[in-house]
Amino acid sequence: MAGSSLAWRLDRKKYTYTIFDAPNLASASQVAAGFINPVTGKWMTESWKIDTLMPKAKAFYQDIEQSLGINIYHELPIRRYFINPEDAIRARRRIKNPRYANYFDPILEKGSEPIGISDDFGSIPIRHGNWVNVPSLMKNLKSYFKSQGRLIEETFDASKLVQEGTGWNYHGVKANNIIFCQGAHRGNNPFFKDLPIIPIKGDVLDIRLKDIQLPPGLYYKKRWLHSLNLGNSDFLYRLGASYEVGNSDAEPSITAKEGLIEILKNMLGPDLLFDIETHRSGIRPTTEDAKPLFIKHPKHSSLFAINGLGSKGSAFAPYLSELFIDQIENHSSEC
Ligand SMILES: Cc1cc2nc3c(=O)[nH]c(=O)nc-3n(C[C@H](O)[C@H](O)[C@H](O)COP(=O)(O)OP(=O)(O)OC[C@H]3O[C@@H](n4cnc5c(N)ncnc54)[C@H](O)[C@@H]3O)c2cc1C
């Protein structure tokens with residue numbers, strides 16, 4: 001997501017660019033649920049820079065939609081179920097804070113507007129959520145970059161870079177600047193191997209529910225359940241995501257799957273009938289303070305890294321790619 005967003009902006013600005021992408025490396029973006037949620041986490045706090053990030057993301061994805069004739073950016077009704085009385089008290093406090101007034105609809109008391117999800121403590125609807133169909137976005141961008149002859153599908157070996165004046169030569173491909181957007185794989189790069197990235201593994205299940213149909217939207221109760229109407233009353237539900245700090249193994253985990261199913265049954269009842277269609281897993285490249293990284297190499301001013309998109313790549317990628325363009329056009333110092 002980081003690299004493709006940057007390449008898209010470079011393309012729109014008519015820069016010459018080449019993308020290297022290893023076809024067989026696991027990528028978080030292939031698994032991302034793509035939610036942009038203004039209020040997240042246990043404490044229901046406003047996401048970092050969200051007022052700046054949301055309009056940028058909207059403009060960015062809508063530009064791609066219009067240019068490529070695709071449909072990947074959607075509004076997302078969100079309903080967060082309280083998991084204990086403290087959670088409900090916290091929400092009551094939050095909605096009184098004028099800073100949050102724009103993000104919440106009134107609290108729904110226990111049992112109101114039932115849709116089949118167990119509701120012991122009430123819930124709160126969150127406004128201004130969106131979701132990006134990230135796997136579809138990635139597939140379409142990849143086709144576009146390929147059609148423009150910009151994509152080389154192979155592993156980039158940064159140790160083979162040769163410096164030429166102020167630029168670089170990589171097996172005959174010459175560049176003024178190189179930007180590494182490697183997600184959790186940054187450890188193989190001698191220039192940026194020490195980036196403070198904490199890998200957090202996440203598993204996601206695509207499921208079909210029998211005898212129950214939830215209105216399209218996102219339901220959050222410990223974990224999220226995304227109800228997607230694929231058209232003609234064909235509903236797919238996406239359930240996720242597990243959270244395993246420090247694990248960089250992208251193989252789907254049986255323990256994570258079992259944990260997610262337990263949460264699903266807690267939401268919809270122990271006798272729920274369902275089929276699992278797919279089980280995918282990815283590694284979120286996170287940072288200690290959950291803020292992304294845009295770094296210029298301390299010795300080589302033409303080498304950059306964009307990383308640390310964490311759990312919020314859909315909102316961060318459009319912003320970081322714009323920062324990079326600003327950096328090369330205006331020598332901005334916000335790195
Ligand atoms: C289960 C799960 C759910 C998520 N849900 C959300 C969500 O709801 N909302 C949200 O905003 N974010 C979500 N995320 C987070 C989001 O997926 C990440 O923030 C984002 O995908 C990170 O993008 P990236 O480009 O930095 O890394 P990646 O997508 O991992 O991409 C790294 C790329 O670098 C390439 N690469 C690495 N090394 C090399 C090399 N040497 N040579 C060539 N290519 C190389 C890889 O092939 C890969 O394509 C979720 C993540 C997971 C795992």
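A: Let us begin with the polar contact, a pair of N or O atoms within 3.5 Å; within protein, one must be able to donate a hydrogen and the other to accept it, and residues adjacent in sequence count only if both atoms are side-chain atoms. In this structure, a nitrogen atom of the ligand lies 3.0 Å from a backbone N or O atom of Ser311. A polar backbone atom of Phe35 is 2.9 Å from an oxygen atom of the ligand, and a backbone N or O atom of Gly34 lies 3.1 Å from a ligand oxygen atom.

Q: What should I know about the model itself?
A: This is a predicted model, in which local features need pLDDT of at least 70 and side-chain atom pairs count only at pLDDT 80 or more, while totals for chains, interfaces and linings use all residues. Residues are numbered from 1 along each chain as its sequence is written, and side-chain values use heavy atoms, with hydrogens and water left out.

Q: How many residues surround the ligand, and which are the closest?
A: A residue is near a molecule if one of its heavy atoms lies within 4 Å of it. Here 32 residues surround the ligand, and the closest are Asp21, Ser29, Phe156, Gly310 and Ser314.

Q: Why does the ligand lie between two domains?
A: Domain bounds come from an automatic or database domain assignment. The ligand lies between domain 1 (1-76 + 129-194 + 287-335) and domain 3 (198-286) because both give residues to the shell around it.

Q: What is the volume of the second largest pocket, and which residues are closest to its centre?
A: On a 1 Å grid over the protein atoms alone, a pocket is an open set of points where a 1.4 Å probe fits, with protein on both sides within 12 Å along at least five of seven lines, and lining residues have an atom within 4 Å of a point. Grid points are joined across faces, edges and corners, and a volume is the space filled by probe spheres set on the points. The second largest pocket has a volume of about 480 Å³; 27 residues line it, and the closest to its centre are Leu76, Ile126, Arg127, His128 and Gly129.

Q: Which element gives the most to that lining?
A: Helices (H or I, at least four residues) and strands (E, at least two) are DSSP runs, numbered from the N terminus. Helix H2 (50-68) gives the most, with five residues.
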